[in-house]
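Colleague: I would like to learn how to read a model of this kind, feature by feature. Could we go through it together, with the general idea before each case?

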Amino acid sequence: MMLRIRSRDGLERVKVEKPQGATVSELKSLIETQLGIPTHNQTLSTNQNLLLAKSLEDLLRFTDMSNPDTPLSALNLSHGSIVFLAYEGERRVAGPAFNPAGSFGRKMTMDDLIAKQMRVTRQENPHCELVSFDRDCANAFQNYVNETLAFAVKRGGFMYGTVSEVGKVEVDFIYEPPQQGSEENLVFFRDPEEEKLVEAIAMGLGMRKVGFIFTQTISQDKKDYTLSNREVLQAAEYHAESGLKEWVTAVVKLEVNEDMGADVHFEAFQMSDVCVRLFKEGWFETDIGEEDDPKLSKMKKDVVVGVKDTREVDNDFFLVVVKIFDHQGPLSSTFPVENRNTQLTVKALKNHLERTKNHPFVKRISDFHLLLVLARVLDLSADVPALTECVQTQTSVPEGYQILIESMASAA
């Protein structure tokens with residue numbers, strides 16, 4: 001008979017060779033032999049609240065296994081049952097030579113031990129105080145999804161902005177990589193050369209990549225999850241890639257309001273620390289079948305959720321809610337956005353400059369999407385930093401650059 005022993009060290013297993021007539025006293029001896037905890041130092045119970053006991057007085061309240069002569073069968077303990085164990089002092093639980101029963105005669109490795117002790121709990125507080133969206137860039141993103149795609153297929157992008165010392169994230173523009181969206185999936189076709197231009201522009205503007213934003217489709221709104229398992233995987237991947245603890249994942253969806261109309265709704269989260277760790281260490285099962293429940297993320301090894309060993313985790317365990325605000329940022333978002341259905345041409349530049357001709361020139365080019373078009377033809381090491389510095393400081397653009405940009409537009 002195999003019994004699972006839950007203690008502050010995680011879940012371990014003890015093998016009872018002769019379960020017939022075995023008593024609490026014999027179980028304690030097996031725990032001493034196999035787990036290295038002296039019998040006099042053990043408090044056992046079938047009640048999980050034992051692990052919450054903080055004093056000797058608390059421990060003495062758990063009496064169901066206090067009699068050493070009580071048969072295990074009288075406690076309804078059978079193969080696979082959990083017994084909770086509290087003990088005082090320190091204990092070394094590591095090393096390939098450690099061989100608790102339950103490993104069926106083989107020695108437990110360090111990886112096995114780590115797998116048995118990986119706990120998935122809810123993270124109460126995010127690392128960022130809040131996320132604030134520039135109104136124009138948020139509207140440009142959701143309007144396209146609403147009016148052009150009708151929330152029928154997914155769309156996404158990377159958010160860029162700033163992070164304050166107190167963890168306030170401000171999003172000032174959204175870069176939309178080449179991508180393919182369907183009702184359930186969103187695939188980015190990452191372009192390293194284009195992203196190099198994006199990073200150069202962001203650096204010149206005093207900004208950085210701060211998050212991932214994507215839309216859910218109308219069909220997804222009818223399903224019982226906040227994020228699907230595929231979305232958790234993608235969000236965790238980008239969060240892990242960023243190395244930024246304040247990284248934000250934003251979801252945009254269409255929701256039915258009280259008047260039976262449709263409202264565009266933004267939600268913001270951080271992927272929990274344990275979620276990012278699990279992704280980095282390769283715990284997630286990345287092959288997702290059509291029959292898999294989308295609200296559950298599958299693990300390659302057992303994790304501990306509450307007091308249960310499982311390989312399926314409710315996605316909500318990985319989400320930490322972030323407060324949302326809005327602001328008016330330093331950039332406009334009126335220039336056509338990259339990698340959408342229409343091909344960007346110099347005619348778009350000409351139309352933009354004509355439409356904004358009554359503004360100072362620096363204002364006319366204070367748009368990330370326009371700067372990305374210019375960066376494709378300008379020198380990345382000299383021209384892009386010079387132009388972005390003008391935009392960041394809102395100072396006059398040198399005449400040479402004005403002439404160059406206007407000549408590009410006039411070629412349309």
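Modeller: Let us begin with burial: a residue is buried under 20% relative accessible area, exposed over 50% and partly exposed in between, with a 1.4 Å probe and protein chains only. V322, at 3% relative accessibility, therefore counts as buried. This is a predicted model, in which local features need pLDDT of at least 70 and side-chain atom pairs count only at pLDDT 80 or more, while totals for chains, interfaces and linings use all residues. Residues are numbered from 1 along each chain as its sequence is written, and side-chain values use heavy atoms, with hydrogens and water left out.

Colleague: Where does V322 lie, and which residues does V322 touch?

Modeller: V322 sits in the loop between β15 (319-321) and β16 (324-327), where helices (H or I, at least four residues) and strands (E, at least two) are DSSP runs numbered from the N terminus. Contact means heavy atoms within 4.5 Å, and, not counting residues up to four places away in sequence, V322 touches P126, C128, L130, V131, A268, F269 and Q270.

Colleague: How should I read the packing of two helices, and at what angle do α6 and α7 cross?

Modeller: Two packed helices are described by the angle between their axes and the distance between the axes. Axes are lines fitted to C-alpha atoms, for helices over the stretch in contact, and angles run from 0 to 180 degrees between N-to-C directions. Here the axes of α6 (residues 229-242) and α7 (residues 273-280) come within 9 Å and cross at roughly 85 degrees. Angles under 35 degrees count as roughly parallel, over 145 as roughly antiparallel, 65 to 115 as roughly perpendicular and the rest as oblique, so α6 and α7 are roughly perpendicular to each other. On the α6 side the contact is made by V232, L233, A236, E237, H239 and A240, and on the α7 side by C275, V276, F279 and K280. These residues divide into seven nonpolar, one polar and two charged, where Ala, Val, Leu, Ile, Met, Phe, Trp, Tyr, Cys and Pro count as nonpolar, Asp, Glu, Lys and Arg as charged, and the others, Gly among them, as polar.

Colleague: Which residues of α7 are buried, and what do they pack against?

Modeller: V274, C275, V276 and L278 are buried in α7, and the buried residues of this helix pack against α6, β12 (262-271) and β13 (296-305). Just after α7, G282 takes a positive phi of about 75 degrees.

Colleague: How many residues does the largest nonpolar core have?

Modeller: In soluble globular proteins, nonpolar side chains tend to be buried together. A nonpolar core is a set of buried Ala, Val, Leu, Ile, Met, Phe, Trp, Tyr and Cys residues joined through side-chain atoms within 4.5 Å. The largest one has 87 residues, and L278 and F318 are those with the most contacts inside it. Helix α10 (residues 368-375) gives the largest share of this core, seven residues. A second, separate core of 18 residues includes L3, I5, V14 and Y87.

Colleague: How many disulfides does the structure hold?

Modeller: A disulfide is a covalent bond between the sulfur atoms of two cysteines; the criterion is a pair of cysteine sulfur atoms within 2.5 Å. The structure holds zero disulfides. C275 is in none, and the nearest cysteine sulfur, that of C128, is 15 Å away. C275 is buried, with a relative accessible area of 0%.
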